[in-house]
Amino acid sequence: QTSMPKPPPVTPVYAHVHNAVLQYELARKAFVTTLNDLLAAGDPGQTDALLRAGVVNLLHAPLVQDANSGVQVAALAAMRTLTQDTDATGEEISDPDALKKVIASLTHRKTAVAVAGCATLQALAEKRPQYASAMITEGALPPLRELLGAFDPDTKEAAARCLTAVAGAGETQARSVLDDGPGDCLELMAIVATDPDASFSMRLAVARFFDACCDYGASMARRVMLSSDAAACVARLARDASVATAPGGLGPSQRARSVAFASLTRMAQNGEDLAAMVAETGAVMDAVAAVTDDKDANVRECAAALLREVACKTADLAEKVASDGGIAGLVQCLAYDRGDKRSMFAAQTLGYIADYKPSLAMAVVGVDRGRCLIEALDSAPDADSATAAAWAIGCVARHGKESAAPLAKSGALKSLTDTYARAGTNEALRDRCKASVKSVIKNSGALGLLEGMVNQNTPPGILRHVLAEFATKLGNDVKAKRSFVTSGALMRMQAIIKAHDSTVAEAAAMLEACKLSGEEPPAPTEPLLDERAVRDAKRINGVFPADVVSYYLYC
């Protein structure tokens, strides 16, 4: 008979040992949970007390590498919050030993741990550029690139956000992101964005990455756009977001739309060829539709900025904006943003379009006779917005009578003159208003539109151009001479001459009195008429009979 095999030895169960291990695990969970609750309260004093107690050492020493993934995720979340809220935490975490432990979480088999690690490193990179450099030195880029190819969408998005934070820290860091690690980072980002199942938040993270890289000048922007399908990816995001936010669409995505237009703007501003690439994606038509969005001012602003960057590059691109309905859309945008600083982008875009050729200037005034620009000037909330509107009026008016006359008839001269008078010491605004007034005056083609400006209330810097126009054209136009008299302009000009002579005489008398008394003479004031304006006034008087001039001079 064969003997029966012996049964395996029975391992004794030590319940107290199991309970001790379990209690330790529960204690770790309770600690990180309580810690996150304390940080969520947002109490600076409480956070400072935690730092003094050495909580960061407890987090990165054992807890970010804890065997329990839940503890690890909570520890990383606490480190992220501390990094965002304090400066001292970043210094401790950027230490090579601590940083390596956080970077190690990126290769964890649990996606929640990898996502939490990406979020912590993102907060660190956003805090200071040197922290982003430390991450690069300790090898964070290769695992982050690997995560871009992960199956889990949350992991890919977290990696994209972290890489964006590193790229945004500086040009050196951005070049490292593009150059270091396996695969082409730009191509990986484009693949992620073109995934049919990619969410708006995922595509938004990619658009921000492209934007961060393009922020470092034409060289980087050209690399981004030529090495990947970046412009088309971002343009599709803007287009899809507009569909999703329409009535009955997929849901709100206005933020994605704004970021997409802002990223395309950054691409286009770096050169004519890059602006043409952006226009080829169909983004111009999408931006034209967006500037008429009456519900979201941020979307209108970003879309108008994109149209400006495209239109200002070449005449062909300006015509592209115009042919895609940009002029009518920008006029509507000015109406929506009247009195808001955002109106500056639409006004500048119309100015760039009109500046290239007479046909485009005619198209700008053809919509509403230029009233949109005049109203933008009248309601400008600050000097920059007023300067933009005044400049745009000058761009339209400089091409001739066909574009200047509608502006003059719509009240451009009065608005420019009033703004010039209000500008005070703002030389940029005064110069822009004066130049635009000059363009309207010279090209309006009808002296009757200028008669009201022959007035003592007209600022001297403007009045000299008005008198110069009359002095040049009045003598050969019988109808205009008659109107100059009947409108009261001749009488008002005599009043200006008398006031000027009186002011000059008073200033001379004051100066002589100061010389006799030895007192400091007062600062000289700008006379109503400079030497050229005095000559022009005499030329105007010379085209009328002397008795008529004398009548108005002494009446």
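Predicted model: local features only at pLDDT ≥ 70, side-chain atom pairs only at ≥ 80, totals over all residues.

Student: OK, pick one. Which side chain does Glu 138 meet in a salt bridge?

Tutor: That's Lys 100, at 4.0 Å from N to O. Glu 138 sits in the loop between helix 8 and helix 9, while Lys 100 is in helix 6 (residues 96-104), 38 residues apart. Helices here are DSSP runs of H or I with at least four residues, numbered from the N terminus.

Student: Is Lys 100 buried or partly exposed?

Tutor: Partly exposed, with a relative accessible area of 47%; Glu 138 is partly exposed too, at 23%. The cut-offs are under 20% for buried and over 50% for exposed, with partly exposed in between (1.4 Å probe, protein chains only).

Student: And Asp 337, where does that one lie?

Tutor: Asp 337 forms a salt bridge with Arg 300 at 2.7 Å, N to O. Asp 337 lies in the loop between helix 21 (326-336) and helix 22 (343-356), and Arg 300 in helix 19 (residues 297-311), 37 residues away. Asp 337 counts as buried because its relative accessibility is 2%, and Arg 300 counts as buried at 6%.

Student: Which residues get joined into a network by salt bridges that share partners?

Tutor: Asp 211, Asp 215 and Arg 266 make up one such network.

Student: Switching topic: how many helices and strands are there in the protein?

Tutor: It has 33 helices and zero strands.

Student: What about the radius of gyration?

Tutor: The protein has 35 Å, whereas a compact globule of 555 residues would be near 24 Å. That's taken over C-alpha atoms, and the globule rule is 2.2 Å times the number of residues to the power 0.38. Along the principal axes, the C-alpha atoms fill a box of roughly 155 × 65 × 40 Å.

Student: Last one: what percentage of the residues is buried?

Tutor: Buried residues account for 49% of the 555.

Methods: Residues numbered from 1 in each chain as written. Heavy atoms only, no water. Helix = DSSP H or I, 4+ residues; strand = E, 2+ residues; numbered from the N terminus.
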